[in-house]
Each structure stands twice: as structure tokens, then as C-alpha cells.
Amino acid sequence: MAQPQTREWRSTLTVWSPDDLDAADRELLREAHEAASKAYAPYSLFQVGGAVCLEDGTVVRGSNQENMAYPSGMCGERVAVFAAGAQHPGAVMRAVAIVSPSPKAIADAFMPCGGCRQVLVEAERRQGQPLRVILQVRDEDVMISESAVNLMPFAFEAHGLGGQES
Ligand code: THU
């Protein structure tokens, strides 16, 4: 019987001791922790903060905002990325730091959810430049992805969905 072809996806993260990070990444993490302190997460008690660094150094923060109608809530990194898009349309997003101070968070498994990855990938595709993703739980080791698409194997891409952008 014929064997099917295979398609593989290789994804690499770097893992950093916080002390070894460069100053800019440390500062963006600090901003994300500050954002997390303003989360509204009374249902999950899982606070998430996001801080987007734009090309001119502007930082836009967001945090998760929950709702008693659970699906109406929004993840912290998506709030940050959407706020950056709304307030600075067209600006390149160089990096987004995403953190959780929650004791429930597991450092090795703290990753943007699938919906957020989809949003990060589209922001990256629109700007045509990598969007670095910097992840930290509490003050533990930091994981860095050099692009959003690195976190999104076989991402959905489409042409001709009716929008004006190609
Ligand atoms: N959450 C985020 O903010 N980002 C993610 O990528 C995963 C989950 C939030 C949503 C919800 O408010 C809480 O964490 C528990 O799922």
C-alpha cells in the first residue's frame, strides 16, 4: 500500500533565566505583570497580563476580562493586541509579553490559547515582520518564541475572504 506523504512542523522556544534577558524584554515583562495586576478574573482566579511593544517603543497593555456569561470574557493577550490595533492602527508590534502571576499557572505549559495564537499570527502576517512572544509565570524562567507563527503549526491562512487586504 502506498505510504502517505508527511508534513512536519518544527517549533523552537528559548528558555531564559530572567536575569539573562536583555533590559528591553525585562521591562516588557514588568509591564505585562503590571497589566496582570489589573485583570478582572473573579471566576477563574487566573490573571493574565499582556504588554505589546510597538516599533517606536510604545507599550500597550491588556489583561483578561471575564464575565459571568463565561464566553463573553476575553484573554489578556488578545485585549492587549486588539487595544494596540485600535489605538495604533498600522504600527508594527515587535513583541508581546504575556504573563500570569497566578499560583495555578504552570510555567512550562503557559501558552497563549488557540484563539489568541490565531490573532497573534494574523497581526504578524499583516505587518510582515516577526512578532516575538515572551512568556512568564510569576518570576520563573521565561520562554521566548521568535515569531507568532512558530506557536501555530499549520496556521489557517486564506486568500479571497472578501477583505481588501491581500
Ligand atoms: N486566559 C488568557 O488570558 N490567555 C490565554 O491564553 C489563556 C487563558 C484567561 C482566560 C480566562 O480569563 C482565564 O485565563 C482562565 O482560562
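The model is predicted, so local features were required to have pLDDT of at least 70 and side-chain atom pairs pLDDT 80 or more, while totals for chains, interfaces and linings use all residues. Residues are numbered from 1 along each chain as its sequence is written, and side-chain values use heavy atoms, with hydrogens and water left out.

The ligand is surrounded by Ser 44, Phe 46, Val 48, Asn 64, Glu 66, Cys 75, Gly 76, Glu 77, Met 111, Pro 112 and Cys 113, where a residue is counted if one of its heavy atoms lies within 4 Å of the ligand. By class, this shell comprises 6 nonpolar, 3 polar and 2 charged residues; Ala, Val, Leu, Ile, Met, Phe, Trp, Tyr, Cys and Pro count as nonpolar, Asp, Glu, Lys and Arg as charged, and the others, Gly among them, as polar. The side chain of Glu 66 places an N or O atom 2.5 Å from a ligand oxygen, and for the side chain of Glu 77 the corresponding distance to a ligand oxygen is 2.6 Å. A polar backbone atom of Cys 113 is 2.9 Å from an oxygen atom of the ligand. Taken alone, the ligand exposes 370 Å², of which the protein buries 74%; accessible areas come from the Shrake-Rupley method with a 1.4 Å probe, and for residues only the protein chains shown count as cover.

Side chains of opposite charge can pair when their charged atoms come close. The whole structure contains 8 salt bridges, each defined as a side-chain nitrogen of Lys or Arg within 4 Å of a carboxyl oxygen of Asp or Glu. In one of them, Arg 30 pairs with Glu 27, with the closest N and O atoms 2.9 Å apart. These two residues are 3 residues apart in helix α1, which means that about one helical turn separates them; helices (H or I, at least four residues) and strands (E, at least two) are DSSP runs numbered from the N terminus. Arg 30 is partly exposed at 43% relative accessibility, and Glu 27 is partly exposed at 35%, given that buried means under 20% relative accessible area, exposed over 50%, and partly exposed in between (1.4 Å probe, protein chains only). Both residues belong to a salt-bridge network that links Glu 27, Arg 30, Glu 31 and Arg 61.

Glu 34, partly exposed at 30% relative accessibility, forms a salt bridge with Lys 38 at 3.3 Å between the closest N and O atoms. Arg 125 and Glu 157 form a further salt bridge, their closest N and O atoms being 3.3 Å apart. This pair links distant parts of the chain, with Arg 125 in helix α3 (residues 114-127) and Glu 157 in the segment after β6, 32 residues apart. Arg 125 has a relative accessible area of 37% and Glu 157 one of 45%.

Asn 150 lies in the segment after β6 (142-145) and is buried, with a relative accessible area of 12%. Its side chain makes a polar contact of 2.9 Å with the side chain of Ser 145. A polar contact is a pair of N or O atoms within 3.5 Å; within protein, one must be able to donate a hydrogen and the other to accept it, and residues adjacent in sequence count only if both atoms are side-chain atoms.

Tyr 40, Tyr 43, Met 68 and Tyr 70 make a nonpolar surface patch of about 500 Å². Patches consist of residues with over 30% relative accessible area and no salt bridge, like charges being joined within 9 Å and nonpolar side chains (Val, Leu, Ile, Met, Phe, Trp, Tyr) within 5 Å. Tyr 43 is located in the loop between α1 (23-36) and β2 (49-54) and is partly exposed, with a relative accessible area of 35%.
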